[in-house]
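User: Please examine the model shown here and answer a series of questions about its chains, pairings and backbone geometry.

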Amino acid sequence: MLLRLTGGRVYDPAHGVDGVVRDLFVRDGRMTAPPAADERIDREYDLSGRIVMAGAIDMHTHIGGGKMNIARQMLPEDHRSDLVRRTDLTRSSCGHAAPGTLATGYRYAEMGYTACFEPAVLPVNARQAHMEMGDTPMVDKGGYAMLGSDDFLLRLMAAGEDQKLINDYVAWTLNATRCIGIKVVNPGGISAFKFNQRMLDLDEKHQYYGVTPRDILRVLSRAVHELGVPHPLHVHSSNLGLPGNFESTLGTIRASEGLPIHLTHIQFHSYGTEGDRKFSSAAAQIAEAINSTPNASCDVGQILFGQTVTASGDAMAQYRNSGLASPKKFVIMDIECDAGCGVLPFKYRDKNFVNALQWAIGLEIFLLARDPWRVFLTTDHPNGAPFTTYPHLIRLLMDRSFRNDRLAQLNVDAQALTTLGSIEREYTLNEIAILTRAAPAKLLGIEDIGHLAPGAIADITVYRDNADREVMFTSPEYVFKDGEVIVRDGKVVKVIWGRYHTVQPEYDRGIEQRLRDHYERYQTIRADHLRISAEEMHAFGHGADVLTHPCR
Amino acid sequence: MPASPKTPSTVTDVACPFCGLVCDDLVVDVASDTITVRANGCRLATTGFGATTVGEPRIAGRPATLAAATAEAARLLSSARQPLIGGLSTDVDGARAAARLADRTGAVLDHMNAAAAFRNVLTMQDSGWITTTLSEIRNRADLLVVVGGDIVSRFPRFFERCIVNQDTLFSEGRQCEVIFLGAAAPAGVTLPGPPATISCEVARLGEAFGALRAQIAGRTLTATDAAGAPMSVWQQLATRMKAAKYGVIAWAVPDLDFPHAELTVQALCEMVKELNRTTRFAGLPLGGSEGDLTVESVFLWQTGFGSRTSFGQGQPDHDAHQFATAQLLGRGETDLLFWIASFNAARTPPTTTVPTVVLGRPGMIFEREPAVFIPVGTPGVDHAGHLFRTDRVVALPLGQLRASSLPSVASVLTAVEAALQER
């Protein structure tokens with residue numbers, strides 16, 4: 001099957017293509033070079049006047065796993081505001097803050113996204129995370145396995161074990177849980193909370209193990225680097241949400257000692273203590289640190305106003321914030337000497353001083369961080385806002401007058417404490433294509449998505465040009481996945497199930513006996529039962545391929 | 001598929017699907033189609049693995065082929081105006097197939113354990129809770145309070161696996177005080193020390209949790225007793241709970257079988273929240289038997305709603321009361337019952353005159369012969385599958401232990417769906 005996509009304005013920043021009108025060709029699901037003049041084109045799409053990008057990639061979105069299912073169970077009232085009807089093609093589900101997996105897949109695709117990565121896969125819960133992602137249609141998916149508060153690692157560190165052994169454990173975890181990266185959440189803090197520690201600053205010792213968050217960041221970033229895992233250590237820093245936490249965030253950026261490090265939802269970690277209310281923006285300091293640290297990248301975790309739910313592995317921070325839940329209910333869980341979680345419904349209000357400033361801080365970081373290859377567009381779905389708000393966020397970034405109009409409606413005290421109104425920068429379409437396509441693929445080490453050169457998987461999104469970028473990005477005219485049209489005019493026209501992306505670094509199998517012994521002695525499940533087989537993944541994903549990407 | 005040898009072969013690290021603990025350390029012998037638990041078993045495992053293995057489909061009581069029974073089930077389903085898919089004791093794949101079929105046919109989904117499970121769900125949806133999981137208890141708990149009844153009959157190895165272990169991650173030897181609320185420690189259970197029992201009326205425990213919460217918060221109470229026990233007893237317990245480093249309170253909702261027990265669960269959970277102001281304390285809502293939490297999990301992730309959801313209007317419509325099996329049958333609001341029970345032949349459908357299709361474990365004895373009976377395999381015995389444990393965190397892979405001609409629930413439901421398509 002040979003397709004020709006004619007006359008679209010192409011944004012393919014991975015190859016320096018910035019709004020050039022050109023024809024694209026797809027052969028059997030992949031991009032291909034222009035064919036010989038006499039070759040028959042099976043189907044032609046006239047894309048004159050259209051804007052063409054690769055399928056978008058969300059590199060940090062909570063789409064699968066136990067904490068999202070807790071959120072779903074907690075929020076029937078939110079679901080009822082956005083029920084999804086069945087059609088001849090698609091199944092019924094629910095949307096908004098904690099959408100069902102079916103609606104999640106449909107709606108991501110309808111917005112032009114073709115790949116999503118779940119950033120908090122607890123190793124003991126990995127099978128559920130993959131089951132949920134498997135039941136998420138339309139998009140490719142992958143997960144980051146969470147380490148750093150698990151007693152096995154903390155015991156290795158407290159015993160002063162060799163980095164090599166820690167590397168083996170990290171590699172075993174990636175293999176067993178079929179993930180593509182390693183995430184650390186409030187390093188050591190989830191464990192410390194089980195010992196009734198309520199705070200754990202970057203250089204503060206875990207009261208039982210005696211290790212600090214900085215120690216954990218150092219060994220994990222080194223493990224990820226030495227194993228050659230393409231995605232840098234994915235870090236949810238200490239002190240989430242606390243005024244003054246920008247200091248520990250700056251420390252965290254340096255803690256990897258020059259190795260690659262990715263700071264996630266950095267907006268929640270960019271707070272100062274200035275002003276009458278002792279809460280201020282430290283976006284300038286954080287953006288400067290990112291700008292001057294080439295080994296660091298971040299995603300923003302923008303908040304947008306309205307009802308949502310916060311679901312995090314950071315049980316310590318979520319318990320601390322539990323009084324802010326709206327509606328007033330929360331779930332906190334300690335999990336299997338492995339991790340934890342906390343789920344709180346939350347309503348961000350534009351007239352609330354803190355919420356308004358959070359909104360401004362996120363946008364300041366987007367606009368002050370200079371290198372679009374190291375800043376990623378996320379709301380930390382659903383923690384800052386549901387992913388369906390992305391088109392609105394894109395417009396805020398691309399349209400200064402729209403942004404400033406919105407700013408003028410917010411809490412006035414917050415307006416006085418942000419420099420946002422004076423920032424002139426407007427993102428270009430090319431930069432949006434970097435943030436949402438080229439850069440995430442590069443950061444994940446997946447070579448054949450996020451771009452449109454010959455050889456790439458033909459995941460393509462086609463937009464009707466519209467000065468209102470929110471309208472434009474809400475409803476693409478076409479979304480191609482593997483060269484097939486799956487969305488037409490913003491509606492699903494073909495249901496597919498995507499594939500899984502994983503890495504499987506090599507390791508010394510000696511660690512396996514040690515894990516078996518540890519699990520048999522202390523845990524309540526056999527270590528070998530944590531391991532998810534390729535056949536299981538295939539079945540979870542409705543026949544999905546499980547791709548293993550090379551480690552460096 | 002493993003061959004079923006005539007001479008016994010021993011299988012280790014078998015996961016047991018017959019209660020919500022899903023212990024995965026069993027040793028069983030398999031000879032032909034007979035399975036004998038050799039080690040790490042319990043009463044439920046012995047019964048479950050040892051149950052009848054043969055059976056053939058029936059239509060109106062007469063033997064039929066699987067294809068004919070499937071076709072008849074599809075015919076009944078396609079002519080029903082408001083089908084109910086109940087029972088639903090199955091594994092992840094069975095739940096996925098049931099959800100798909102319900103969406104297609106506009107059926108109501110309701111698990112056989114939902115009435116009890118909602119005592120927890122309503123609490124969680126109204127005010128939330130702080131909970132923990134089995135391995136945390138095994139390693140951290142220095143105080144365990146057990147609410148009501150006899151959790152050992154439902155979860156036989158709970159104490160063995162979580163309380164009487166020798167070493168923990170943090171200590172050599174184990175010290176965990178156990179206090180039973182409402183009923184004495186069951187006979188024959190080994191505990192680390194002599195358990196304490198607080199005698200009180202289980203149905204009035206809500207009062208006790210309220211009093212405990214107030215005392216934990218430092219309030220003085222004028223009442224002299226709560227739940228039939230003197231206030232001094234509750235004051236002592238409050239002090240003991242506050243002194244715990246990592247306390248746990250465990251309950252199993254079937255034991256709280258009285259009107260509005262969800263309010264008792266809520267009072268318990270609010271008490272646990274109060275304890276966490278100064279120490280660490282967590283609840284352990286025990287469940288997961290008959291695949292209840294497994295099926296709930298699948299329904300939740302696909303659609304946002306669990307049991308008692310109707311798809312009759314083309315979108316999920318969830319109501320914990322309106323769409324309960326007993327209500328629908330009692331008010332004549334369903335005209336076809338699809339009953340699924342793949343773990344336990346004793347879980348037969350409720351007595352009803354509504355035409356019934358049963359996908360059940362062989363050996364089921366019916367008060368009234370169903371319109372269609374299709375014997376199905378048991379996940380973890382006759383075919384592979386996945387089951388969530390009581391904590392809804394760990395999803396264990398279940399293996400196939402013997403060669404079996406019994407179809408899985410998922411395969412039967414998928415065949416029914418395919419037959420609907422052809423109609």
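User: Which strand of chain A gives the most residues to the side of chain A that touches chain B?

Analyst: The model is predicted, and in it 49 residues of chain A are in contact with 49 residues of chain B. Elements that give two or more residues to this side of chain A include helix 1 (66–74), helix 3 (101–110), helix 18 (510–522) and strand 18 (330–335). With 6 residues, the element that gives the most is strand 18 of chain A.

User: How many residues on the side of chain A that touches chain B are nonpolar, polar and charged?

Analyst: The side of chain A in question belongs to a contact of 49 residues of chain A with 49 residues of chain B. By class, its residues divide into 19 nonpolar, 14 polar and 16 charged.

User: Which residue of chain B is the bridge partner of Phe330(A)?

Analyst: Strand 18 of chain A and strand 8 (residues 128–131) of chain B run parallel and are joined by 4 bridges. Within strand 8 of chain B, the partner of Phe330(A) is Gly128(B).

User: Are helix 2 and helix 13 of chain B parallel, perpendicular or oblique to each other?

Analyst: The axes of helix 2 (residues 66–79) and helix 13 (residues 409–422) of chain B come within 9 Å and cross at roughly 60 degrees. Angles of 65 to 115 degrees would count as roughly perpendicular, and those under 35 as roughly parallel. The orientation of helix 2 of chain B to helix 13 of chain B is therefore oblique.

User: How many nonpolar, polar and charged residues does the contact of helix 2 with helix 13 of chain B have?

Analyst: Helix 2 of chain B passes helix 13 of chain B in a right-handed crossing. On helix 2 of chain B the contact residues include Thr70(B), Ala74(B), Leu77(B) and Ser78(B), and on helix 13 of chain B they include Val412(B), Val416(B) and Leu420(B). The class counts for this contact are 9 nonpolar, 2 polar and no charged residues.

User: Which residue of strand 3 of chain B stands opposite Val30(B)?

Analyst: Strand 2 (residues 26–31) of chain B runs antiparallel to strand 3 of chain B, and 5 bridges join them. In strand 3, the residue opposite Val30(B) is Ile35(B).

User: Is Ser32(B) buried, partly exposed or exposed?

Analyst: Ser32(B) lies in the loop between strand 2 and strand 3 of chain B. Although not a glycine, Ser32(B) has a positive phi of about 50 degrees. Burial requires 20 or more other C-beta atoms within 10 Å, while 12 or fewer would count as exposed. Because Ser32(B) has 13 such atoms, its class is partly exposed.

User: What is the phi of His260(B)?

Analyst: His260(B) is found in the loop between strand 14 (246–252) and helix 10 (261–275) of chain B. His260(B) counts as partly exposed, with 13 C-beta neighbours inside 10 Å. Its phi is positive, in a residue other than glycine, and lies near 55 degrees.

User: Which residue of strand 23 of chain A is the bridge partner of Phe480(A)?

Analyst: Strand 22 (residues 478–481) of chain A is covered on both faces, with Tyr478(A) and Phe480(A) buried on one side and Val479(A) and Lys481(A) buried on the other. Strand 21 (residues 460–464) of chain A is joined to strand 22 by 3 bridges in antiparallel fashion, with Thr461(A) opposite Val479(A). Strand 22 also runs antiparallel to strand 23 (residues 484–488) of chain A, through 4 bridges. In strand 23, the partner of Phe480(A) is Val485(A).

User: What is the omega of the peptide bond from Ser326(A) to Pro327(A)?

Analyst: Pro327(A) lies in the loop between helix 11 (315–320) and strand 18 of chain A. The bond from Ser326(A) to Pro327(A) is cis, with omega near -5 degrees.

Conventions
Residues are numbered from 1 along each chain as its sequence is written. Chains are lettered from A and ligands numbered from 1 in the order in which they are written. This is a predicted model: local features need pLDDT of at least 70, side-chain atom pairs count only at pLDDT 80 or more; totals for chains, interfaces and linings use all residues. Two residues are in contact if their C-beta atoms, placed from the backbone, lie within 7 Å. Ala, Val, Leu, Ile, Met, Phe, Trp, Tyr, Cys and Pro count as nonpolar, Asp, Glu, Lys and Arg as charged, and the others, Gly among them, as polar. Two strands pair if DSSP finds at least two bridges between them. Axes are lines fitted to C-alpha atoms, for helices over the stretch in contact, and angles run from 0 to 180 degrees between N-to-C directions. Angles under 35 degrees count as roughly parallel, over 145 as roughly antiparallel, 65 to 115 as roughly perpendicular and the rest as oblique. A crossing is left-handed if the near helix is turned anticlockwise from the far one by less than a right angle, and right-handed if clockwise.
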